[in-house]
Amino acid sequence: MKKSQTKPPLPQLYITGIGASAGGLEAFSTFFNTMPKDSGIAFVVVAHLDPEHNSLLPELIQKKTQMKVYQVLDNMKIEANSVYIIPPKKEIAILNGKLQLLEMEQPHGFNRPIDTFFRSLAQDQGHNSIAIILSGTGSDGTLGLRSIKGEAGLVMVQDAESSKYDGMPLNAIATGLVDYVLPPDKMPEQLIKYVNHLKMQPTGQLSVIDESIVNSLHKIYVLLRAQTDHDFSLYKKNTICRRIERRMHVQQIDNIENYVRYLQENENEVSILFKELLIGVTNFFRDSDAYDVLKTKYLPNLLENKSDEQSIRIWLPGCSTGEEVYSIAIILQECMENFKRHFSVQIFGTDIDEEAIYAARTGIYPESITEDVSSERLKKYFTKEDNQYQIKKSIREMVIFAPQNVIKDPPFTKLDLLCCRNLLIYFGAELQKKLLPIFHYSLKSGGILFLGSSETVGPSTDMFEILDKKWKIFRRLPNEMTTQSTLNFSTPIVSSNMPNKTNTTIVQATKEINSLNLLKTILSQSDMSARIVIDSQANIIYIHGRTGHFLEPAEGAITNNVIEMARSGLKAGLSNAIRQLTNSGKDVQVKGLQVKDNGGYLKVNLHLKPLPDFQSDQHGLMMVIFEELPVLVEKNSESKTDISSSDKNEEFKRLEDELQYTKENLQSTIEELETSNEEMKSTNEELQSTNEELQSTNEELETSKEELQSLNEESTTVNAELQSRIDELISAKDDIKNLLDATEIAAVFLDINLGIRRFTPKVVSIFPLTKSDLGRPIKHFASNLVDINLHDYAEQVLNDLSMIEEEVKDKDDTIYRMSVRPYRTINNVIDGIVITFEDITKIKKIESEINTLSSDFEERLLMMSKVFMEGADPIIIEDLQGKIMDMNIQAIESYGWTREELLGQSINKLIPKEYQKESENQYLNLKNNKKAIRNIKSFRQHKTGKKICVLLTLSLLSDLKGNLCAIASTAKITSG
């Protein structure tokens with residue numbers, strides 16, 4: 001039975017995506033000029049091109065490389081050692097090694113073709129994908145390289161010093177994910193080294209875990225833990241091995257033992273490996289359909305069951321740079337707006353990468369987020385500055401970011417939603433089993449767990465019920481087994497005021513809260529007189545005792561300001577006392593205040609004491625003590641004094657006048673205030689209208705700015721291509737000029753109206769032309785030519801579209817070969833006439849001399865021919881190979897053969913067989929010595945077979961150029 005033969009696997013194809021915009025042509029040229037033609041790599045070039053112009057990029061790059069260069073066609077298969085250029089007005093993707101062209105959504109808008117291709121390349125080629133970012137403005141490519149790194153691919157970026165425009169390179173470098181930062185001429189060497197190492201040590205070699213590899217992995221875990229305080233031993237082995245292999249390829253290290261030694265010797269490599277292991281592919285609204293389901297189906301149910309006083313608590317562990325945290329905040333804000341309700345919201349985003357947390361806090365992201373965030377959300381929730389987007393303050397205030405290790409640090413509790421998407425996929429089964437009970441403990445009863453589409457709760461079905469199978473949304477089930485005592489962590493963090501800082505800050509916050517609670521407890525358990533705690537703005541923080549005799553709610557909007565709530569008679573004294581304590585920082589006492597109460601007056605003493613700042617966000621705290629004196633002053637007690645009746649009447653009259661005056665002043669003031677309020681209201685409406693118009697104008701300007709930036713990049717690319725073409729044309733013009741000068745050909749170029757378009761310097765000897773004559777008709781000029789009308793010749797050629805060539809002569813007897821032909825453009829359009837004059841005077845003179853010599857030579861040749869044919873001895877002429885070319889009459893008669901029988905035959909036909917060898921030696925001696933051989937005794941053979949004794953003379957014959965061409969043998973017949 002015949003064994004079946006399996007085909008060997010095809011060699012792995014390594015595809016490199018190269019992105020650039022403004023200034024990219026120069027970088028492309030430098031890169032491909034140094035890239036060998038047989039690297040085995042395929043290149044896909046993505047540039048920002050003008051959609052309205054045909055790109056010259058394929059033609060220009062082809063001049064810099066010996067690889068084949070193609071402009072991409074739809075469904076084109078990629079081959080090694082080839083370059084593929086994106087066409088204008090298209091975006092490009094890759095599927096199963098074939099390029100797919102996509103229509104650009106906004107040809108003149110703000111597009112991100114580099115991000116689009118890099119993401120597609122990462123999905124299609126995985127860890128074999130390679131991305132290179134060259135010169136350009138903006139941030140296109142930044143999000144795409146995150147996808148490349150997420151698949152353990154390679155990223156190279158042009159250094160800022162060699163970049164004509166450094167926007168794209170700097171944005172890429174700022175991600176911290178770049179493997180090499182090099183000038184374009186150094187990139188090919190490093191790229192080839194990386195690919196060759198990848199071929200010799202393909203990814204996946206560490207997946208076969210033997211004891212030596214396990215030991216090396218344990219050593220790597222120890223080195224990472226020692227430097228970063230994070231343990232990766234419970235992460236999935238395949239993920240860890242893939243990241244380690246990638247670093248080995250970058251460092252050109254062949255085995256893991258050597259890599260462990262390299263880690264021990266280089267702390268920086270440990271930090272880089274740590275960053276590699278933390279790489280998370282994240283973006284705004286990742287799996288947008290999942291966010292839509294959460295927003296429309298589950299968040300509304302969450303809000304409906306909340307009272308206005310309750311808060312909403314959400315936690316996102318492993319939040320990376322915060323895109324998903326802000327995504328949750330935005331859809332939650334949209335839900336609250338739909339319900340027309342507002343809740344206190346606390347969203348906690350945590351990660352072990354402190355650099356990522358710092359980036360998340362700033363809320364600043366590159367322009368490339370436009371791929372994931374709709375234009376409506378960009379306008380509403382982001383502000384744009386310096387080609388970057390920042391989350392608005394209203395959204396940032398909903399979010400708290402903090403560094404946290406979800407494995408060992410205490411979790412957040414009493415959560416309504418826990419969003420942990422695409423984190424569990426990096427953890428081993430043991431670690432997942434440990435985390436899910438922690439998540440159950442953190443959530444409120446009925447709280448929602450939102451996982452990634454590739455994740456599940458596994459065996460923890462007794463803790464969570466599934467709500468949406470496709471998008472992995474779960475609800476917490478009651479389970480008394482997951483209490484704090486059963487979980488391995490310290491007291492959970494539950495404070496709603498937890499600052500957005502480090503663990504030290506969290507401890508400080510706990511101390512602040514405990515100190516304030518201690519004060520409240522002491523006051524509540526004592527029988528001290530009525531008192532309040534206020535801050536530096538006179539806002540009431542805490543009330544102890546019955547303060548109704550001293551304070552009452554102020555009319556109008558609800559306030560907790562003690563000055564506005566103070567009763568009549570207390571307000572002025574209290575305000576002055578607060579001011580004195582604020583300035584001096586010392587106790588203040590105010591005695592004998594008369595406070596109006598229930599138709600009478602109370603005598604009150606005030607004591608104000610400064611307090612320490614129990615909370616970091618509240619300063620200038622003070623305690624106000626109300627001391628009520630026992631004597632109650634009755635109303636109208638003044639009447640008990642000994643005053644006469646007339647004095648009373650005068651006093652009443654004076655008081656009534658003062659009261660009337662006060663009322664009038666008060667009414668006037670009220671009217672003025674009402675007028676001012678009306679004016680301010682009107683002004684406020686106008687300002688609001690103006691602000692809306694300015695905001696609308698700003699949005700339009702922002703859109704125009706983006707479009708102009710895109711057009712500027714396209715124009716820069718077109719200008720670079722055109723400049724390259726201009727340089728080529730200048731070079732071609734110089735070549736043509738030097739060619740015409742070297743050939744000394746006089747040429748005149750006429751336009752379609754037979755006006756002078758251009759001429760060569762040699763023409764001046766025929767026509768008296770200067771540069772000022774350009775554009776003038778040819779018929780205005782008299783030439784030195786005899787009996788020639790160039791205007792007539794030109795008109796004839798234009799009419800017939802034929803070419804005329806003639807020999808002409810000028811007045812100095814100089815002879816020219818004149819050629820008149822149509823001037824054709826590259827598109828084969830007749831656009832004038834070209835007239836050339838070639839000086840052939842010397843040629844004509846030589847021809848004349850040759851003709852004279854030729855005539856003499858012919859006469860001599862005729863005489864020699866007569867001597868040859870009528871000679872008395874047989875003469876035979878043969879070529880250098882011994883073939884008979886001619887013979888005279890005497891030879892025919894002497895040997896008995898006819899001319900026809902001998903022509904083309906070998907000379908051996910006339911030589912007896914036994915003398916043929918001797919004859920060959922004689923001929924060879926003749927050719928070597930190149931001298932005639934005379935009177936050699938030999939024999940010839942008659943046609944009848946009779947031998948004839950002869951004395952031979954052998955001579956060499958040459959052509960007109962002196963080259964040997966024949967042998968003449970003259971035979972003198974003897975009796976011998």
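**Reading the terms in a predicted model**

Student: Where is the place of G167?

Tutor: G167 has its place in helix 5, which covers residues 167-174; helices here are DSSP runs of H or I with at least four residues, strands are runs of E with at least two, and both are numbered from the N terminus. This is a predicted model, in which local features need pLDDT of at least 70, side-chain atom pairs count only at pLDDT 80 or more, and totals for chains, interfaces and linings use all residues. Residues are numbered from 1 along each chain as its sequence is written, and side-chain values use heavy atoms, with hydrogens and water left out.

Student: Why is G167 called partly exposed?

Tutor: The word buried is kept for a relative accessible area under 20%, exposed for one over 50%, and partly exposed for what lies in between (1.4 Å probe, protein chains only). G167 has a relative accessible area of 21%, so it counts as partly exposed.

Student: Which residues does G167 touch, leaving out those up to four places away in sequence?

Tutor: They are G136, T137 and G138, where contact means heavy atoms within 4.5 Å. The C-alpha atom of S135, a residue 32 places from G167 along the chain, is separated from that of G167 by 7.6 Å.

Student: What does helix 5 lie across?

Tutor: Helix 5 lies across strand 1 (14-20), strand 8 (130-133), strand 9 (154-158) and strand 10, and it runs at about 140 degrees to strand 9. Such an angle is taken between N-to-C directions, from 0 to 180 degrees, using lines fitted to C-alpha atoms, for helices over the stretch in contact. Helix 6 (residues 187-200) runs at about 175 degrees to strand 9, and lies across strand 1, strand 2, strand 8, strand 9 and strand 10.

Student: In what order do the strands of the open sheet stand?

Tutor: The seven strands follow the order 3-5-2-1-8-9-10, with parallel pairing; two strands pair if DSSP finds at least two bridges between them. Strand 3 (68-71) and strand 10 (180-182) are called edge strands because each pairs on one side only. Neighbouring strands in this sheet are turned against each other by 20 degrees on average, with direction ignored.

Student: What makes strand 2 and strand 5 a pair?

Tutor: Strand 2 and strand 5 (residues 82-85) share three bridges in the parallel sense, and at least two are required, so they count as a pair. Within it, F43 stands opposite V83 of strand 5.

Student: What makes a group of residues a nonpolar core?

Tutor: Its members must be buried Ala, Val, Leu, Ile, Met, Phe, Trp, Tyr or Cys residues joined through side-chain atoms within 4.5 Å. The largest such core has 63 residues, and F28, F32, F43 and L191 have the most contacts inside it. Strand 2 (residues 41-47) gives the most to this core, namely seven residues. Another core lies apart from it and has 47 residues, including C241, I256, L263 and I438.

Student: Why does the link between K380 and E337 tie together parts of the chain?

Tutor: A salt bridge needs a side-chain nitrogen of Lys or Arg within 4 Å of a carboxyl oxygen of Asp or Glu. The closest N and O atoms of K380 and E337 are 2.6 Å apart, so the pair meets that limit. K380 belongs to helix 14 (residues 375-381) and E337 to helix 12 (residues 323-339), so the bridge ties together parts that are 43 residues apart in sequence. Both ends are partly exposed, K380 at 41% relative accessibility and E337 at 34%.

Student: How many salt bridges does the structure hold?

Tutor: It holds 31.

Student: What share of the residues in the protein chain is buried?

Tutor: Buried residues make up 44% of the 976 residues, in a chain with 25 helices and 35 strands.
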